[in-house]
Amino acid sequence: MSSAGATGNPSNLNWVAPVGQSPSAIATVQPEPYIAQFRSEWLNQELQQAQAAVTLDGRRLFFVTRAGEYPADVRANVIEAQLQSVADSAMPFELEVRQTNQLPAIYLNNRLLVTVTAGDTEDNFTPQAQAEIWMRDIQQGLERAKRERQGQFIQRSLLHAIAIIIAILVLNRGLTRMWRRYRQPLQNLFRGPTPEVEPQGSISAMDLLFTLLGTLFRTVLVLGTILYIANLFPFTRQWSYRITEVLITSFTTPIITLTERSYSIIDLTIITGMLIGVVAISGMATNALRSRVLRLAGLNRGAEEAISIVTKYSLIIIGSVVLLQLWGFDITSLTIVASALGVGIGFGFQDIAKNFGSGIVLVFERRIQVGDFVEVGEYVGTVERIGGRSTTIQTLDRIFIIVPNSRFLETEVINWSHRNPVSRLHLPVGVAYTSDVRQVENALLDAAKGHPDVLLVPPPRVLFKGFGSNSLDFELLIWISEPTQQFVIKSDLYFRIFSLLHHIGVEIPYAQRDLHVRSGTLPVQLSPELEQALLKWLDRNGHGNPGEMS
């Protein structure tokens, strides 16, 4: 619609432009340095508000300027009201140009519509020539407005709108199917033929980038379709025009100024999208480096992950700095932000900073690497990923556990794979006191040597731990090279041990406790009937002396 009238006034700066100078001439005046920026903004506002558009059904016809005490927007509103009234009526219209107060004026149905002043002319036209041009534009606009209010045009526009909606739905469905079909091949193009194992539901940088782009595309598609359909009908076209103008103004008006440069919403959106693109491209390049270079070099998973993480964060930092400098950001001015962020980290983000620092220590110290089989508290599993804040462990149940990095430095961690994965397992076994200890020793050794995952060098050993309260305690010591299979190996060996001991007649005892109850020493007084029933039960169960249970 029409823009607001001029409201700015630079007189409060004790600076007045020479009489008769136009705004363009005013712009050439060299003001004081400390008010130059304010004057430049005021001049831009004046130039933008010096004229207003006259529209009919959302279509722009021409521009008018300020005339005397009437601002441009007031003139435009008066003209639009008369044009809209004639367009909505079924009566014919008549246009003519007359001379009024020595100026050409356009009359609509013998009623003054607009007077053409010298300020309204453009391209060195005279007011009379400009009036003829405006009259032709008004006539074409009114004729088109009346045609568009006929039933045949509205019916054709409805069919057009329905066809557009169907086409958009088909296009959206086709693009969704295409994305689902080619998403995995596109990821494999950068990750290699064997992508690394990731927790279910995790979102990579590339997934985030494409998700944001898809959401933005759908939003623009839906909004564009709505505005396009609204533009088909004369009754809604003016709202389409207003919404479009508001959106353009909102997204292009500067909202923030950094280092003497202003940025609009569109600029910030583009910068944010490009930063996300830098993160995504860095992740793609890192995955390509891992799968196509480092893996062919024969490095282990821990070395691959360490090099990949350093490369990824280096690319992100360098790319972000270069991108911000290309957009005019002064990186040196960000030191204030970095200082404030440092204070915030010191007070409000202690855990995040601690975990991030711990992650850097883990990557460079390499005491815990990707692929190691570790035990952290109650969690036992394989390290799948060491991130900036946390480490992902996949348990033997294929459950992913997210562990903060600081926990690996603050608590004891058992790393079964560190340096040498060969480790020894302890299997305690208890047998009855009547057993032949040499037979037990041979049976345990046979069980260990017969298992394919038990190493013969170093050889298995059997230790006689001592005399327990209910059993003779032995311990079988074996060596394995696959720590991840230790629980399965223990289970297999216990099956074999139980079978061999049962075959040679060795009894595996269970815990027993002796309880003595003597007559006359009970802490409670029993009735004669209950005492007789208890004595009969003890005698029937073969406990010897009916007054004593052992």
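User: Before we start, what counts as a helix or a strand here, and how many of each does the protein have?
Analyst: Helices are DSSP runs of H or I with at least four residues, and strands are E runs of at least two. Please keep in mind that this is a predicted model. Counted that way, the secondary structure comes to 15 helices and 15 strands.

User: Thanks! What share of the residues is buried?
Analyst: A residue is called buried when its relative accessible area is under 20%. The protein has 550 residues, and the share of them that passes this test is 32%.

User: How much accessible surface does the protein have, and what part belongs to carbon and sulfur atoms?
Analyst: The accessible surface of the protein comes to about 34,200 Å². The part that belongs to carbon and sulfur atoms is 60%.

User: Which helix gives the most to the nonpolar surface patch?
Analyst: The patch is formed by L171, L175, M178, Y182 and F217, with about 460 Å² of accessible area together.

User: What about Q82: buried or exposed?
Analyst: Q82 is found in helix α3, residues 72-88. Leaving out residues up to four places away in sequence, Q82 touches L108, R111, L112 and L113. Because its relative accessibility is 13%, Q82 counts as buried.

User: How far apart are the end C-alpha atoms of helix α14?
Analyst: Helix α14 covers residues 486-503, which is 18 residues. At 1.5 Å a residue the helix should span 26 Å, and the model agrees with this. The distance between the end C-alpha atoms is 26 Å.

User: Within what arc do the buried residues of α14 fall?
Analyst: The buried residues of α14 are Q486, I489, L493, I497 and L501. Seen down the helix axis, they line one face of α14, because they fall within an arc of 90°.

User: Which residues are exposed on the other side of α14?
Analyst: The buried residues of α14 are covered by elements including β8, β13, α13 and β15. On the other side, the exposed residues are F495, F498, H502 and H503.

User: Which residue with a positive phi follows α14?
Analyst: The phi of this residue is near 85°. The residue is G505.

Definitions and conventions: Residues numbered from 1 in each chain as written. Predicted model: local features only at pLDDT ≥ 70, side-chain atom pairs only at ≥ 80, totals over all residues. Heavy atoms only, no water. Patch = residues over 30% accessible without salt bridge, like charges linked within 9 Å, V, L, I, M, F, W, Y side chains within 5 Å. Areas by Shrake-Rupley, 256 points an atom, 1.4 Å probe, with all protein chains shown as cover. Salt bridge = Lys/Arg side-chain N within 4 Å of Asp/Glu carboxyl O. Buried < 20%, exposed > 50% of the residue type's maximum accessible area, 1.4 Å probe, protein only. Expected span 1.5 Å × (residues − 1). Arc of directions from axis to C-beta. Contact = heavy atoms within 4.5 Å.
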